[in-house]
Amino acid sequence: MEAMDSVAVMEVAAVPDPVFVGAAPLTPPAEASVLRRSARCLNRPRAPTYAEKEEPKQSTGRKGRPKKKRDEENHDPTAEAQVAVKVARKAVKAEPKEKKPMPVVEPISATDFAGAAAEDDALGKGKSAKLRVKETLRAFNSHYLHLVQEEQKRAQAVIQEIEASKNKGGKKGGEDEIKEKRPSKRPDLKAITRMQENNSVLYTEKVIGQIPGIDVGDQFYSRAEMVVLGIHSHWLNGIDYMGMKYKEMNGYANLSFPLATCIVMSGIYEDDLDKADEIIYTGQGGNDLLGNHRQIGSQKLARGNLALKNSKDNGNPIRVIRGHMAKNSYTGKVYTYDGLYKVVEDWVQNGVQGHIVFKYKLKRLEGQPSLTTSEVRFTRAEAPRNISELPGLVCDDISGGQENIPIPATNLVDDPPVPPPGFAYIKSLKISKGIKIPSDCTGCDCEGDCASNKNCSCAKLNGSDLPYVSFKDVGRLVEPKAVVFECGPNCSCNRNCVNRTSQQGLQHRLEVFKTASKGWGVRTWDTILPGAPICEYVGVLSRTEDVESLLHNNYIFDIDCLQTMKGLDGREKRAGSDMQLPSLPAENDSEAPPATEYCIDAGSIGNVARFINHSCNPNLFVQCVLISHKDVKLAKVMLFAADTILPLQELCYDYGYVLNSVVSAAGDIIKLPCYCGAPDCRKRLY
């Protein structure tokens, strides 16, 4: 038989012994059950429209044995809670450090500003505020990655043009030209513009107080993300405020404008003072913005400075966001929302460099969640540095050294703690006897990385552009596609080509851990960016008809790439669904969708993907990938990040069930509760 890239062919034999020493054998449940997964649900939508979702099409289901979520994921109400290892006025020169109070007016209560911001579903039409925030960020990241790809193509074309000119004896100085025309560093700003043009910004009008769907501790990886959400509406200025137009709106008639709504503490002013619950904030203006924190001119009581003074007089709360350096952020910073503060005092003084500055003291309102950031240390859920020191460690590496990064397993739920039972770890897909993987795919003739070749034949298979962009040597999928064509064994590009992203193995540190109510789960130790690869779903590639008789196997993944391309059985079509491939049959009747022909069985042998749990609001999505052939029925199944995933967050994807699609032998609908805990949980797995 012929083998596909990174896939081994085998004769399926008896289940091997577990790799864990002392592991208990898998005890089958009393009732026969099978849990089937698929790529049906994307959960990474296009630009949000905030329209009510249509009810999914009802599947005819398969009569016979019921499908049931695996035993360790059934809810146990007695289980222990999981332990997580998360207008302008010229200022008069003042003496140094001398405070000169400004006139005040009668303050009003901050509770008067609850308004629409207190309503969780002010815009959603059925969606929770949390989901709307997530959809908006996903839309932003989709725009951002497309724009990064455009800039990389433009820069590559410029470089090739300069090189061609040099080879023809053109003028020298090509290096200077390349520097001038390097890839733009601000595709995030272009993404803002696109979202404003298609009306996909979440809150277009400024809001005082809490923003629905954004909680204390939530983090953002650029100011652009905050702009499209509406938590801070300017990508550069540190003070966000309502202008004079808001004075004519209902509820604002008795307030003085401009009025501050949010400030960002980013450390660019030399005499800011941050004591966590109390802030001495320097007004805006007069700073050289070159990163040396020096004040080069006097400030004026206008715009944001006047807005902060008016906010003290009016007594309205102000959102505070702190920025800190972060290596994993594409902007070099991470911004954390730290809750609501009030301006309690303001004055004018000479700053460190002798220039006039406006100062504001803000105090944090009581009754809010604890701070996650401070002046001294940026804190968040931190991954352990040493595997051997992990609490509840039951296995140093479940892969037994097969992966390029060890995957520890921990158990703080069971007493005594036990490792995951009853399976053997494999890194590559195994092929059942009788299944032949075609190898009819011709390769590209690119040299080096295909991203530098505008005529790459693999890029043309994907529509015209490569499906990935590179960020710090890790490929990121620009958008979910019907199918991704990667470079394979017949391609001449190097092994580190960005179009071999799914073939590079694990790129992030992962941990398998026991949850309180969902059995085993997987969480990350690293920050994972949207579009980044997680892992392949590995097991035994089998014919679907051959596993129908298996009992107690809850790790079967249906390869439904073809059904997704056709949009059958409630599936949402993806980009590239209209392409024609030799393996695609004639159009099928949508009322009688074809069953999947092949599946991946990870019941007895598999990799870390078999432990990833279901969620109705997941942070991963499923992507079918073709490498050495073009048969979508035998596509490789990959998991990619749909959102920015922070350290120690659990990884999850939607198992893809249609409600009421599982029926018993008697024809009765079987219902299984869902315990994913997502704000928009459907309450049932099927």
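The model is a predicted one. Strand β18 spans residues 510-514, and five of its five residues are buried, so that the strand counts as mostly covered in a model where buried means under 20% relative accessible area. In a regular strand the side chains alternate between the two faces of the sheet.

Strand β18 belongs to an open sheet of six strands, in the order β11-β12-β18-β19-β28-β25, with mixed pairing. At the edges stand β11 (393-395) and β25 (613-614); each has a single partner strand, so one side of each is left without a neighbour in the sheet. Strands of a sheet pair through backbone hydrogen bonds, either parallel or antiparallel.

Strands β11 and β12 run antiparallel and are joined by two bridges, and the bridge partner of L393 in β12 is T410. Strand β12 (residues 409-410) is then joined to β18 by two bridges, and these two strands run parallel. Here A409 has V512 as its bridge partner in β18.

On the next step, five bridges join β18 to strand β19 (residues 520-524), and the two run antiparallel. V512 stands opposite V522 in β19, while F513 stands opposite G521. The two strands form a hairpin with five residues between them, and G519 in the turn has a positive phi of about 75°.

How many residues of β19 are buried? Five of the five are, so β19 is largely enclosed by the rest of the structure. W520, V522 and T524 point one way from the strand, G521 and R523 point the other way, and all are buried. Strand β19 is joined by two bridges to β28 (residues 650-653), which runs antiparallel to it. In that pairing, the partner of V522 in β28 is L651.

A second open sheet has four strands, ordered β17-β26-β27-β20, again with mixed pairing. Its edge strands are β17 (484-485) and β20 (533-536), each of which pairs on one side only. Six bridges join β26 (residues 620-626) to β27 (residues 636-641), and these strands run antiparallel. Within β27, K636 is the bridge partner of V625.

The largest nonpolar core comes next. In soluble globular proteins, nonpolar side chains tend to be buried together. This core has 58 residues, and those with the most contacts inside it are V512, I534, Y537, L541, L639, L651 and Y653. Strand β26 gives the most to the core, with four residues. Leaving aside neighbours within four places in sequence, I534 is in contact with L506, L510, I528, L620, L639, F640, A641 and L651.

A helix pair remains to be described. Two packed helices are described by the angle between their axes and the distance between the axes. The axes of α1 (residues 129-167) and α3 (residues 187-197) come within 8 Å and cross at roughly 125°. The two helices are therefore oblique to each other, and their crossing is right-handed. On the α1 side the residues in contact include F140, Y144, L147 and V148, and on the α3 side they include P187, A191 and M195.

Definitions and conventions: Residues are numbered from 1 along each chain as its sequence is written. This is a predicted model: local features need pLDDT of at least 70, side-chain atom pairs count only at pLDDT 80 or more; totals for chains, interfaces and linings use all residues. Side-chain values use heavy atoms; hydrogens and water are left out. Buried means under 20% relative accessible area, exposed over 50%, partly exposed in between (1.4 Å probe, protein chains only). Two strands pair if DSSP finds at least two bridges between them. A nonpolar core is a set of buried Ala, Val, Leu, Ile, Met, Phe, Trp, Tyr and Cys residues joined through side-chain atoms within 4.5 Å. Contact means heavy atoms within 4.5 Å. Axes are lines fitted to C-alpha atoms, for helices over the stretch in contact, and angles run from 0 to 180 degrees between N-to-C directions. Angles under 35 degrees count as roughly parallel, over 145 as roughly antiparallel, 65 to 115 as roughly perpendicular and the rest as oblique. A crossing is left-handed if the near helix is turned anticlockwise from the far one by less than a right angle, and right-handed if clockwise.
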